[in-house]
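Here is a guided walk through one protein chain for readers who are new to structures. Take a moment with the picture, then follow along strand by strand.

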Amino acid sequence: MNYQITCLCGNQFRINDEQLKGPVICSVCKRALSPIVSPHPPISAPATPAAAENKETAVTTLPDEPTKRCPYCGEVILAVAKKCKHCGEFLDRPATAPSTVPGQSTVAASDAAAEEPPIYELSVSQWDNFWKYLICLGIAVVVSTVFIKWLPQYGMPGVLSTLVILGLIAWFFYLSARNSRCTIRSVRIETEVGILSKDINTLELFRITDLSLKQNMMERLLGVGTIHITSNDPSTPELMLYKIPQVKQVYKYLQQQVPIVARQRGAVYFEK
């Protein structure tokens, strides 16, 4: 009898009973496999007249269906399965590092998903500070003029002091925007705010119930904007991705990804 083998790398090939007795090596990834054969009950073939005369029934067997290992718990399941019958995870979610250890909990799979590279890693656009920088520059020019024209005896020290103070203020504005970050992954959004102390928040995509994008005319020209997110998360009912660059790409990605993740998690929303 021939058996169809599906390797963890996705390669499919057939072996016979003799090959099944020895080590089975995948021809693509060269991995040593341990096939698990699930016997099926024999299926009786239609009896022919000759077999009927001899009171014998021809019996045939079907080859085993191809199998694979669940990437989350490592148990053997059918290759066509969309959901693992052992751990309950949906198999069409974004791929994470597979585990071949039987009995591994789904918590380890979630940790592996958290380590995947982010789709977008953004900070508040410095264009949000444009008017603040402009005001600091105007104050520096006015104060320097006053010191030079009306207080010449304090001219140079006054100008230098003004430039240092306003420079520190502008630097604070820069750091505030630079340290207001949002990281968008395939299953969650992570936000981080603060220069010295950090306020970190996480929102799972399947909890998002509504998205809206806000842009004025100048922001459309600069490619920045604000995404307002509403969710059913008790700790984060509303989330603002404030003045982020690439805002249209991020908004379209979230529009497409949120229903996918919600379907994978089996989330169902009811209108009030």
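In this predicted model, strand β14 (residues 224–231) runs antiparallel to β15, and six bridges join the two. You can find one of the facing pairs yourself: T230 stands opposite E238 in β15. In general, strands of a sheet are held together through backbone hydrogen bonds, in either a parallel or an antiparallel way.

Now widen the view. β14 and β15 belong to an open sheet of three strands, ordered β13-β14-β15, with antiparallel pairing. β13 (208–214) and β15 (238–245) are the edge strands, as each of them pairs on one side only. Neighbouring strands of this sheet are turned by 20 degrees against each other on average, direction ignored. Helix α7 (residues 247–265) packs on the sheet and touches β13, β14 and β15. The direction of α7 makes about 160 degrees with that of β13.

Next, look at the start of the chain. Strand β1 (residues 3–6) pairs with β2 in the antiparallel sense over four bridges. These two strands make a hairpin with five residues between them, and G10 in the turn has a positive phi of about 100 degrees. Within this pairing, Q4 has R14 in β2 as its bridge partner.

Let us turn to charged side chains. The structure holds four salt bridges, and the table shows some of them.

| Lys or Arg | Asp or Glu | Closest N to O distance |
|---|---|---|
| R185 | E190 | 3.2 Å |
| K243 | E219 | 1.9 Å |

How do these residues sit relative to the surface? R185 has a relative accessibility of 12%, so it counts as buried, the cut-off being under 20%. E192, at 23%, is partly exposed, and K198, at 39%, is partly exposed too. K243 and E219 form a salt bridge that links distant parts of the chain: K243 lies in strand β15 and E219 in helix α6, 24 residues apart. Both K243 and E219 are buried.

The surface has a nonpolar side as well. W127, F130, W131, L134, L137, V141, M217, M218, L221 and L222 form a nonpolar patch there, with about 1100 Å² of accessible area together. Helices α4 (130–149) and α6 (217–222) are the elements that each give two or more residues to this patch. Which element gives the largest share? Helix α4 does, with five residues. L137 is found in helix α4, and L137 counts as exposed because its relative accessible area of 52% is over 50%.

Finally, step back to the whole chain. The secondary structure comes to seven helices and 15 strands. Of the 272 residues, 31% count as buried. The chain exposes about 17700 Å², and carbon and sulfur atoms supply 60% of that area. Among contacts with a separation of 6 or more, 43% come from residues 24 or more positions apart.

Methods. Residues are numbered from 1 along each chain as its sequence is written. This is a predicted model: local features need pLDDT of at least 70, side-chain atom pairs count only at pLDDT 80 or more; totals for chains, interfaces and linings use all residues. Side-chain values use heavy atoms; hydrogens and water are left out. Buried means under 20% relative accessible area, exposed over 50%, partly exposed in between (1.4 Å probe, protein chains only). Contact means heavy atoms within 4.5 Å. Accessible areas come from the Shrake-Rupley method with a 1.4 Å probe; for residues, only the protein chains shown count as cover. Patches are made of residues with over 30% relative accessible area and no salt bridge: like charges are joined within 9 Å, nonpolar side chains (Val, Leu, Ile, Met, Phe, Trp, Tyr) within 5 Å. Two strands pair if DSSP finds at least two bridges between them. Axes are lines fitted to C-alpha atoms, for helices over the stretch in contact, and angles run from 0 to 180 degrees between N-to-C directions.
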